[in-house]
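Here are some notes to read alongside the model. Keep the viewer open and find each residue as you go.

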Amino acid sequence: HGLPVAVLPLLPIIGTDFANLLGGVVVVESITNWPGIGLQAFVALRSLDLPIVMGTVLLAGLVVVTLNLAVDLAVAFLDPRVRLE
């Protein structure tokens with residue numbers, strides 16, 4: 001009975017932590033030289049490859065917006081005080 005009430009404050013924190021994690025991927029992948037979207041964005045920035053930079057920024061933005069929407073809908077579903085109208 002208490003779990004939905006206890007989860008409500010944690011959901012927005014998890015959503016913003018995921019956005020910070022996505023930003024940290026660039027640093028981790030560039031230091032460890034792991035292939036991934038963060039390293040691809042870093043290499044594209046160094047070589048001024050603008051289409052790849054715009055694509056990776058757009059993808060990261062879409063992921064963050066989608067996750068924030070999912071968090072907001074989960075809060076609205078779990079909290080009876082929030083109404084979607």
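1. Ground rules. This is a predicted model, where local features need pLDDT of at least 70, side-chain atom pairs count only at pLDDT 80 or more, and totals for chains, interfaces and linings use all residues. Numbering starts from 1 along each chain as its sequence is written, and side-chain values use heavy atoms, with hydrogens and water left out.

2. α2 against α4. Start with this pair of helices (DSSP runs of H or I, at least four residues, numbered from the N terminus). The axes of α2 and α4 come within 9 Å and cross at roughly 170°. An axis here is a line fitted to C-alpha atoms, for helices over the stretch in contact, and angles run from 0 to 180 degrees between N-to-C directions.

3. Contact means heavy atoms within 4.5 Å. Sort these residues by type and you get 13 nonpolar, 2 polar and no charged. For the sorting, Ala, Val, Leu, Ile, Met, Phe, Trp, Tyr, Cys and Pro count as nonpolar, Asp, Glu, Lys and Arg as charged, and the others, Gly among them, as polar.

4. Take Phe18, which is found in helix α2. Leaving aside neighbours within four places in sequence, Phe18 is in contact with Val63 and Leu67. Phe18 and Asn68 are 50 residues apart in sequence, and their C-alpha atoms are 9.6 Å apart in space. Is Phe18 buried, partly exposed or exposed? Phe18 is partly exposed, with a relative accessible area of 32%; buried means under 20%, exposed over 50%, and partly exposed in between (1.4 Å probe, protein chains only). Now look at Asn20, also placed in helix α2.

5. α2 against α3. Helix α2 covers residues 10-32 and helix α3 residues 37-46; their axes come within 7 Å and cross at roughly 80°. That makes α2 and α3 roughly perpendicular to each other. Val25, Val26, Glu29 and Ser30 in α2 meet Ile37, Gly38, Leu39 and Phe42 in α3. The residues of this contact divide into 5 nonpolar, 2 polar and 1 charged.

6. What is tucked away in α3 and α4? Gly38, Leu39, Ala41 and Ala44 are the buried residues of α3, and they pack against α2 and α4. In α4 the buried residues are Val53, Thr56, Val71, Val75 and Ala76, with α2 and α3 included in what covers them.

7. The length of α4. This helix has 29 residues and reaches 42 Å from its first C-alpha to its last, close to the 42 Å expected at 1.5 Å a residue. The expected span is 1.5 Å times one less than the number of residues.

8. Thr56 up close. Thr56 is found in helix α4, residues 50-78, and is buried, with a relative accessible area of 10%. The side chain of Thr56 reaches the backbone oxygen of Val53 at 3.0 Å. Setting aside its neighbours within four places in sequence, Thr56 is in contact with Ile37, Gln40 and Ala41.

9. Two loop residues to check. Most residues other than glycine have a negative phi. Asn33, in the loop between α2 and α3, has a positive phi of about 60° although it is not a glycine. Asn33 counts as exposed at 56% relative accessibility. Leu48 sits in the loop between α3 and α4, and its phi is also positive, near 55°. At 68% relative accessibility, Leu48 counts as exposed.

Notes. Angles under 35 degrees count as roughly parallel, over 145 as roughly antiparallel, 65 to 115 as roughly perpendicular and the rest as oblique. A polar contact is a pair of N or O atoms within 3.5 Å; within protein, one must be able to donate a hydrogen and the other to accept it, and residues adjacent in sequence count only if both atoms are side-chain atoms.
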